[in-house]
Every structure is written in structure tokens, then in C-alpha cells.
Amino acid sequence: MDQISEGGPRKNFKFKELKVYASTEWLADNKKKYRQVFDRYEVSYVYAEMSFYNKLFDEIDWDISVRLKCFSVQRGKRKELCELAINKKVSKYDQIVYLREGWGNKNEGTFWKKGTYYWEAWVDDFKQASKYFYIEDASEPISAENNPYLELKSLRLYEGPFDDISEEARNYYKAFGSEDTRYVYGEFVFKNLNEDQKWQCELFAKFYNGARELKGQVVRLQSIKKDEEFITITAGWGSNVKGSWRHGHYTLELVFMDHLLAIIPFEVGEEFEEGIPAVKLPHKKQLMVMAPDEDLSETFEEVLGKLDELIGLDEIKNRVRDHAKYIQFLQLRRERGFPEEEDINIHSVFIGNPGTGKTTVAGMMGKIYKKMGLLSSGHVHEVDRVDLVGEYIGQTAPKVKEAIEKARGGVLFLDEAYSLARTNDDTKDFGREVIEILMKEMSNGEGDLAIIAAGYPKEMYHFLNSNPGLKSRFNLIYEFPDFMPQELAEISKYAATRKGIRLTRGAKNRIEELITEAFRKRDRTFGNARFVFDLLERAKINLGLRIMRKRDIAAVPVEALQSVTLEDVENLSVYPSKYRPKIPVDMKLLQSSMAELDQLIGIEPIKKEIKELVELVTYYTSVGKSVLNSFNLHTVFIGNPGTGKTTVARILTKIYKALGILERGHMVETDRQGLVAGFVGQTAIKTAERINEAMGGVLFIDEAYSLTAGHHNSSSADYGNEVVQTILKRMEDHRGEFFVFAAGYPENMEAFLKANPGLRSRFDKILRFEDYSVKDLFEIAIKMLQDKGYLLAKNAEEHLTGYLSFLHSYRDRYFGNARTVRTVVDQAIKNQNLRLAALPVADRADHQLITLKDVSEFQANTDQFVFNKNRIGFRSSDR
């Protein structure tokens, strides 16, 4: 509606702009607070500002006469309110000239009435431009605490081109990737509080960088219709050229009628991060996530109706509805003057297996609480242990407080909450700090928050018992049972609709058979609704593959593109079968591995067993028999320290790889510490991670007996048993995909195998490593010396043999075998090096010779033992 004239003489100037403002406050660069929409109650004078370029800049001074006229527009007719003449001498030093004048009354709200107005600027009887402005009246003045025009309901950010994108194509982010970002847009949804009349809404979107420099400003002027319930406005800043946004922190500030509505911080970095940013509202101390409701006009009863539409969960529905009604009762009592000592408690615990609807119900609880006035936004902010616990001292509290502020106004959904509660005597875990901060927030925090803690049944009861204050804060406990087969069948119909497919009768019957089979085989990890959705997704994939195999795809009817038949689902299984690749025998690797085994000193029985196994596997492969159906190949290595268990395990892994039994043929070495986590529920995850690393190879567990021993306390032993149970299940579920080698000392490993009935049946091969003989120990010593380039003098050989015989005769179950020999060899080499270093250079001969003097410190004297070992009976001679 604004106009700029192209006519008239312009010898001395070039018209620039005509703007409107109401505040006399001066801003930087000789600017004012330019606007087009004003509230009646806050405006006294409305000013016009005409600016032009001085063509005679730096030449001469000159005079100009300007007339500013103001008009009101009522029902299509205009009425002149004033004509203001301005005569000004233009200085030759002014490159841009500003002429300002206003009209009104010094008393706010007295002169200007609701309506449409405009200013005109005239020079020498030629109109230069016109500028419209609007006076609005919402029956009460606008202020920082009270906005009678609109209420911010939703605020999201997205990326797009200069000409914006449709709502359906928008992806919402809280962080942007600098290389691919063009324009950063804000999408703002308001509830129209002035809906009984038509009015003009003017919104300023100001983008600032981290240094608070104005990057850009967008002004949106939008006409709001009468009875228009919600207002959606978008505004963006940037460039169509990708990469114009630098790494850093930015803010988008939203201003309406000179009042700040919201500050939206966002980050530009390496990658995009989907989500909704937390928003700072002027009247709120904490940040809030302004997430949109699915339906802003929903009533309380309609939200409860959607809860009732969920399949199954009858007990949960009844309890939620009763809880909501009781809250309404308490609110009614307060309205009638009844004092209530305690605040209304809306914190709760959701207990159940995966896929039982916990997250879905949590979202509905947020909506219910919002409709009841207990929460301001009702959104759900989901977190787990990783989002809350810091790695170092001092990092946890800020992370928890940030999560709380992001959830403020809605629901903080704490998934796998039990992972915050380690063993009751563990005071060093940062998860305990999280619990204490959450309890403080629930007791005397700022409010406007519901905390819902969710997880598996057993672990969640441990979580509640881990701190005496948790049960009193979480006094609402909802137990989500596994869905029944008939309920899962109903969910499959819903899933089919969601995925845009239709099941034929045969396909429907087969899907229900699979659901019943999965229900019967279920354990605590059963996915419930997630399992059903995955099943339907696999059916849809098979449908697509069947259609794409047709020769004339263009002739396929539309109905066929959505019809899942029995053919698409008959080969589906609860646990899809996995096909193993046929890997040929690598003779070169097999020969080198067997040669490496032969070179090992001693352990002749072990070598014999492995050679027999290789011959059997080779035979079975040659006649087409399945090796994995005949042998488990999970192996127990029993022996004292230093008897070669780890070395043989590595060689055996290479042999299995050479035979084509293992796909990758690597060995992942771990122990109790690498498998057991310090908090409930995470041990199985940690163990599964190690097993996943070992897939296609071998998982070697050193000191495996420590998993079943009463390690420090019963809770710790339970963690070890959790490891064993996890490994046994994966050994069965992934038969032949990886092997487990468990190693340890003889007495301890016997106890390990007896600790769980499933262990001995899974480990059908046991390799027993006997202590080395004196002859073996001496050969090992000679080989170790030769590998380092040393030789033993004859008298040194005799002395060392005697010393090793002495150690062997006094050995017990802690005797180090080859490890002890390595210690002796390393000390002898050190003695030789020190002896030669003390000699003159000319006298340093035989650098490779270990003499008697170098080994003389090794004496057959029991005083060197920390504890003297008394013996009863006869000492056996060396074999």
C-alpha cells in the first residue's frame, strides 16, 4: 500500500525512504524505532521521517521545502488530519538528510483511535511517497506482563531457500550445519487473543551473532481476520549461497509492538541437529521448549478420548483418568477456599518392557496436564543417563539443570532411569548426583515440570529403593504389561494402516501366527508393539521386491501396490535365519598357524588335541557335513599362569580363520572389568558391545571365573551372572557367528563351569595346560635369550638349570611358569649389561654371552620367598 512517486524535478536530491515511528528515543546511526502498527494506549505522537540523498554533497548549501500530510482512512474514504511544512537549509556536509515531524497529543491514548492511517511526503508540489500505519485497540494496554493481542504457542527453526518452503517439507533443527545452510527461518504460531475484530500484526525477527551484532532483521506485516484462532508467521535471514553462516552461537529475537516476545538461541556448526530449541521468555526465568500441539484446539475430554483409543492398556487408561479426575477435585477444593498442605504431585514412574506404550502415554500425560493448567506447554523432553551424567567432577549438575530447563513447561521423560542407580554402596557414581538434583527439583524447584522415570520392572524397583526419598516423590507408579497376542494383532492392523499397506486374509493369518510364536518365546527384551511394526516393515519390503520383479511394472494396478499377500510373509520368521558365507580353506594361513603351534615348547597334549580337531574339521568340510552342527568350538582354557593359554588361543583363532569357520578371525581380549558395568541394567549392554566387537571372531575372557565368584558382595556377583546369562543367550542366538574362549586357573574354572548349568553344555571343549617341566622351562629360557640375541656360557647353563629346578620343586598354583622364566631372563640380561658397562670399552668382549657371574644372583635358597613353604611327604623327581 506504500507508494513512491517517480515524477517531479529532482535536481538537488534523490528520495530515499519515508518511515513512521512513535518513540522519540534515539538509536545508533541516527535511527528511530520504525514501526507501522501501534497500540492506541501507548501512542501520543506518530512521526513521519523523510530521508533523501544530497546530490550537492560537498559542494554548496541549499534550501528545500517539504510538506508532510497525514490522512485517516475510514470505510474507503480518506480524511486529512494535518499538513506540516518543513523549510530546511541542507548543509553541503550532509550526505543523507533526515526530515522529521509528528502529529498527535502529548497524552497517550487520547488522540489516536483504532484505524488505518498514512503519511504523504511532498516536495515542490510533487508527492514523493506515502507510508501506511495502523492504530490497534485490544480494549486494554499492552505491557511486558500482559499481551492482549496474542500468545506465543509454538516456535521452531528450519532451513530453506530465499522463497521459503511449504510446511510439509520443513525439517526442524536446533543446530545448523554451516556448509549446507542457506536461510535460517523461524516459524511462529500464536493464539489470537484479539479475535473479535480484524487487526494488523507487525512482527520483527532480529538475528544476532554471538557478539550481539545485528546480522539481519525481517519485518512481517500480516492482516489478521476476525475469528482467526491461530496465527502462523515465518521469517528468515541468510543467503541463497550455502556457507554464508559461520560457525558460532546466534540468537533470533522476536519483537511485537516494541515488546520482546522471545529469544531463541541456536548454533551453527559442523552438523544439523534435529529438534526444537529452548526459548527464553521475558517473564520466565527458565528456558522453555515451545513445541506445537498436534491440535491446539483440543479440549481436555478430547485428549482423554485419544488415550482411550490406544489399543490395550486398560488398567493404565483407568488409572490415568482417575488421576486426572482427582486433580480436578483438588483444584475445585482450592477454588472453594479449602487449604491444601501439599502441591499436586504429577511426577510418576512407568514400569514395563520395551514397546508397551510408555513414551506414547507420557506424551498424552503432558497434554492432559497442560489442559488442566498444571503445565504451560505439555511437550516431552526425552533423556537418558548419557544426556545427564558427566564424565568428570562438576560436569553432571550443569547437564541435569540444562535438561530440566529444556523440559520446563512439559515432561522430562527419563528413559532407563534405573541406570542412574548403581550398587547401593557406590558413592562415587555421578548417577547418584543426578538423582539428588532431580529430587531437589521435585521438592522445591520452580515447578511447571512433570518428571516421568521409565524402565524395566526389576531395575526400576531397584531404582526406587536406591534412595529413600524417591518413593515419596514418585508416588504414582504405572505398570505397563506386555501386550496380549490379540492386542498385538490389533496393533498390526494399525501398523499396516500407518505403513500404507493392506493384508490379505492369508497374510493376516500368517502375521498373527508369527505374533503368537513371538509372544510364547518372549523374554524381558521382547519388543511388543515395536516387534509388530518391524514385522510389518519386513512384509512391506517383500511386497516391494515382489512387485519390482514383474516385467511390466507400469501395468501393475494401484491396489497391488498396497496388498501384502501370503507370498510376502510366508518366509518371515520371529528370528530371521542368517546365512553364513562359504569360505574356502586358506592352506597358507593354516600351515603357518600349525607351524607356529609346533614351535611352542611343551604342551604336547594340547598340540595333539588341536591337530585332531583340525583333521576332523577338514574331513567334515570335505564330505559336506556341517562343522558348526557337530561342534560348538567354544573352549575353556584351564591352567596356571604362564602356561601359554593366551598364546594358544591366538593361534587357535588363526587356525579357525584358515579353516573358514570364522569370517574375520580376530580375537577380542577382555576380562571382568571389560564386561561388568557399575550400574543396574548396563552390564548386559556393555557385554553385548564386547560380543558385537567379537562377531566373526573370538571373545577371549581372561580370568572368567571372576564372573561367577562372590566378588566383594552379592550385588557384584549378580552383575557377573548377568554377563554369563547375556553371553549364553548370544552363544545360542548367534551360533557359529563367534566363539567364546574362557581362561583361568584350574580350581577356579571348575567352580566357574559348575556355577551355571548352561556353561558346561556350551563349552564342549576343555584344554588343560599343565605346568612346564624343568626341561621345558630351560628350553623356554634359551629361546627367550636367543630371540634377544644372547647365548649362555656352559657353566651359566648348569647354574640356571639348577635354579629353575629349585623353583619348579617349590612351585604352587601361583607359580608363573614361562612368566617366571621371563623375569629371570630379563634380570640376567640386565646384570650382563651392567657388568659390561662397568668395563673399559676395550675390554668389552662377547656382548652376546651370558656368563656365570650374570646368573649367580639366582640361588636355591628358600629365604627369597615371601612366605616359606613347608611341605609334607615326598618330593617327586622331574619328569
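**Close-up 1. The buried residues of helix α18 are T683, T687, A688, I691 and A694.** Looking down the axis of α18 in this predicted model, those buried residues sit within an arc of 125°, so they line one face of the helix. Helix α18 covers residues 683-694, twelve residues in total. From first C-alpha to last, α18 reaches 17 Å, close to the 16 Å expected at 1.5 Å a residue. After the helix comes G696, with a positive phi near 85°.

Close-up 2. Just past the helix, G409 has a positive phi of about 95°.

**Close-up 3. Helices α13 and α14 cross at roughly 165°.** The pair is α13 (residues 587-598) and α14 (residues 604-622), and their axes come within 11 Å. That angle makes α13 roughly antiparallel to α14. As for handedness, α13 passes α14 in a left-handed crossing. On the α13 side the contact is made by L590, M594, L597 and D598. On the α14 side, look for K607, I610, K611 and V614.

**Close-up 4. Helices α22 and α24 pack at an angle of about 45°.** Helix α22 takes in residues 774-787 and α24 residues 818-837, and their axes are 9 Å apart. The two helices are therefore oblique to each other. Their crossing is right-handed. From α22, the contact residues are L777, I780, A781, M784 and L785. Helix α24 contributes A818, V821, R822, V825 and I829.

**Close-up 5. Helix α23 (residues 794-809) has its buried residues covered by elements that include α22 and α24.** Others in the cover are β33 (791-792), β34 (849-850) and α25 (852-855). Buried in α23 are A796, L800, Y803, L804, F806, L807, H808 and S809. With 16 residues at 1.5 Å each, α23 should span 22 Å; its end C-alpha atoms are 23 Å apart, which agrees.

**Close-up 6. D448 and N528, two residues with a positive phi that are not glycine.** Most residues other than glycine have a negative phi. D448, with phi near 55°, sits in the loop between α6 and β24 (450-455). Its relative accessibility is 17%, so D448 counts as buried. N528 has a phi of about 50° and belongs to the loop between α10 (505-520) and α11 (529-548). At 0% relative accessibility, N528 counts as buried too.

**Close-up 7. Q328 in helix α2 (residues 314-335).** At 29% relative accessibility, Q328 counts as partly exposed. Leaving aside residues up to four places away in sequence, Q328 touches F300 and M372. For a sense of scale, pick out F71: it is 257 residues from Q328 along the chain, and the two C-alpha atoms are separated by 54 Å.

**Close-up 8. N171 in the loop between β10 (150-160) and β11 (173-177).** With a relative accessibility of 42%, N171 counts as partly exposed. Setting aside residues up to four places away in sequence, the ones N171 touches are L157, Y158 and E159. R156 is 15 residues from N171 along the chain, and their C-alpha atoms are separated by 9.6 Å.

Technical notes
Residues numbered from 1 in each chain as written. Predicted model: local features only at pLDDT ≥ 70, side-chain atom pairs only at ≥ 80, totals over all residues. Heavy atoms only, no water. Helix = DSSP H or I, 4+ residues; strand = E, 2+ residues; numbered from the N terminus. Expected span 1.5 Å × (residues − 1). Buried < 20%, exposed > 50% of the residue type's maximum accessible area, 1.4 Å probe, protein only. Arc of directions from axis to C-beta. Axes fitted to C-alpha atoms, helices over the stretch in contact; angles between N-to-C directions. Parallel < 35°, antiparallel > 145°, perpendicular 65-115°, else oblique. Left-handed = near helix turned anticlockwise from the far one by under 90°. Contact = heavy atoms within 4.5 Å.
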